[in-house]
Amino acid sequence: MGVAVAATLDYDAELMLRVKEGDGTSFGVLLEKHRASVIHFVYRLVQEQAIAEELAQEVFLRVYRSRSSYEPTAKFKTWLFRIATHLALNWLRDEKHERGQERLDDVSTDLPVRQVSDRRPSVEQELVYAVKLDEVRRAVAALPEKQRAAVLMHKYEEMEYTQIAKVLGCSESAIKSLLFRAYETLRARLAHMETT
Amino acid sequence: MNCPIESRNSEMVVAYAAGQLDPETARALEQHLAGCAACLSMAADQTAVWKALDAWEAPSVSPDFNRRLYRRIDDGAQLTWWERLTRPFRPMPLRQALPLTATAGLLLMAGLLLQHGPLAPAAVPRGEVVRADQVEKTLDDLDLLRQFGTANSAESVHPDAM
């Protein structure tokens with residue numbers, strides 16, 4: 001009966017109900033499907049890869065441990081990102097409390113390796129990229145927590161306003177307003193950047 | 001089309017910059033942009049923001065992410081509620097404790113040897129005096145045991161004899 005209800009929601013919720021019934025393989029499928037997006041989302045929130053992976057581990061651990069009480073009342077991804085957002089924002093608050101903005105000033109860490117298919121970028125191009133990336137990271141980091149989370153879900157996860165609203169526990173109109181203000185700030189800080 | 005900015009519908013411009021509008025709405029907005037400087041500027045800026053955010057790639061996931069996760073799941077699954085409660089106070093693992101215990105035992109034995117000299121063999125030491133009264137008592141005890149055993153066997157035979 002539970003599986004039938006979940007099927008009307010999404011396939012992931014159905015998989016989670018199978019996990020609830022003791023199917024470890026379904027948990028593996030969910031992990032493979034959502035692992036990267038959760039880690040990347042948390043990474044862009046906390047801006048430290050090691051911390052992001054640790055928090056993502058905690059996210060999936062909590063998903064697994066709460067399997068027995070799982071009820072498919074929302075999309076699985078909404079539930080998953082709610083846990084991820086909660087853990088990441090809590091970490092940011094603790095971190096901010098402990099160290100201030102010290103870590104965000106360290107822009108040299110965790111720069112991703114650029115995928116260049118045909119030719120290697122010059123030193124100058126690498127520098128331009130690093131400066132540009134630094135500016136983007138700082139602009140996003142400067143946003144208030146909820147605006148930051150909303151932008152990341154909207155931009156990189158392509159979530160709809162309703163889904164973001166459920167993750168952040170706000171109304172849809174509040175999310176529209178939140179995103180409007182966030183993009184307004186980002187336009188002021190990043191619109192001058194050359195589009196390459 | 002109503003001006004998205006004036007009608008408080010700027011998410012349409014955001015969606016346009018993200019390429020998320022359906023073709024018909026996108027065409028209508030483009031017609032509006034041609035005559036509205038404010039919306040045109042906003043669309044251009046938002047497109048620049050979108051491209052800037054595109055440049056921010058996340059690092060790839062560690063190859064041992066799953067292994068670490070499953071290990072944590074297994075660790076949690078094997079623990080009872082009491083073990084979870086006392087986990088912070090658990091002594092060191094057996095693997096580390098055994099060599100330390102063995103070393104401590106050896107040191108203790110060495111200390112005893114130094115204090116009392118080499119341990120005596122288990123055999124009766126030469127020149128030991130055998131006490132007569134103790135031998136007599138032991139023999140008396142044996143006699144008592146023998147008599148007790150005889151009485152028991154007699155009682156156990158008795159029912160068959162009847």
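**Helix α7 of chain A**

I began with the outward face of α7(A): turned away from the buried side, it carries the exposed residues A:Val123, A:Glu124, A:Leu127 and A:Val131. Helices here are DSSP runs of H or I with at least four residues, strands are E runs of at least two, and both are numbered from the N terminus.

A note on the source: this is a predicted model, where local features need pLDDT of at least 70, side-chain atom pairs count only at pLDDT 80 or more, and totals for chains, interfaces and linings use all residues. Residues are numbered from 1 along each chain as its sequence is written, with chains lettered from A and ligands numbered from 1 in the order in which they are written.

Next I looked up the buried residues of α7(A) and found A:Val136, A:Ala139 and A:Val140. Seen down the helix axis, the buried residues of α7(A) fall within an arc of 100°, so they line one face; the arc is taken from the directions from the axis to the C-beta atoms. Their cover includes α3 (24–46), α8 (145–156) and α10 (172–190) of chain A, together with α3 (37–54) of chain B.

**Helix α9 of chain A**

I then checked α9(A), residues 161–168: 7 of its 8 residues are buried, so the rest of the structure largely encloses this helix. Among them are A:Tyr161, A:Ile164 and A:Lys166. After α9(A) comes A:Gly169, with a positive phi near 70°.

**The core**

Which residues touch the most other members of the largest nonpolar core? I found A:Val42, A:Ala150 and A:Ile164, in a core of 63 residues. Such a core is a set of buried Ala, Val, Leu, Ile, Met, Phe, Trp, Tyr and Cys residues joined through C-beta atoms within 7 Å. α3(A) gives the most to this core, with 9 residues.

Contact means C-beta atoms, placed from the backbone, within 7 Å.

**Chain B and the contact**

Chain B has 7 helices and 0 strands, and buried residues make up 10% of its 162 residues. The contact between the chains takes 31 residues from chain A and 24 residues from chain B. On the chain A side, α3, α4 (49–65), α7 and α10 each supply at least two residues.

How values were computed. A residue is buried if 20 or more other C-beta atoms lie within 10 Å of its own, exposed if 12 or fewer, and partly exposed in between; C-beta atoms are placed from the backbone. Two residues are in contact if their C-beta atoms, placed from the backbone, lie within 7 Å.
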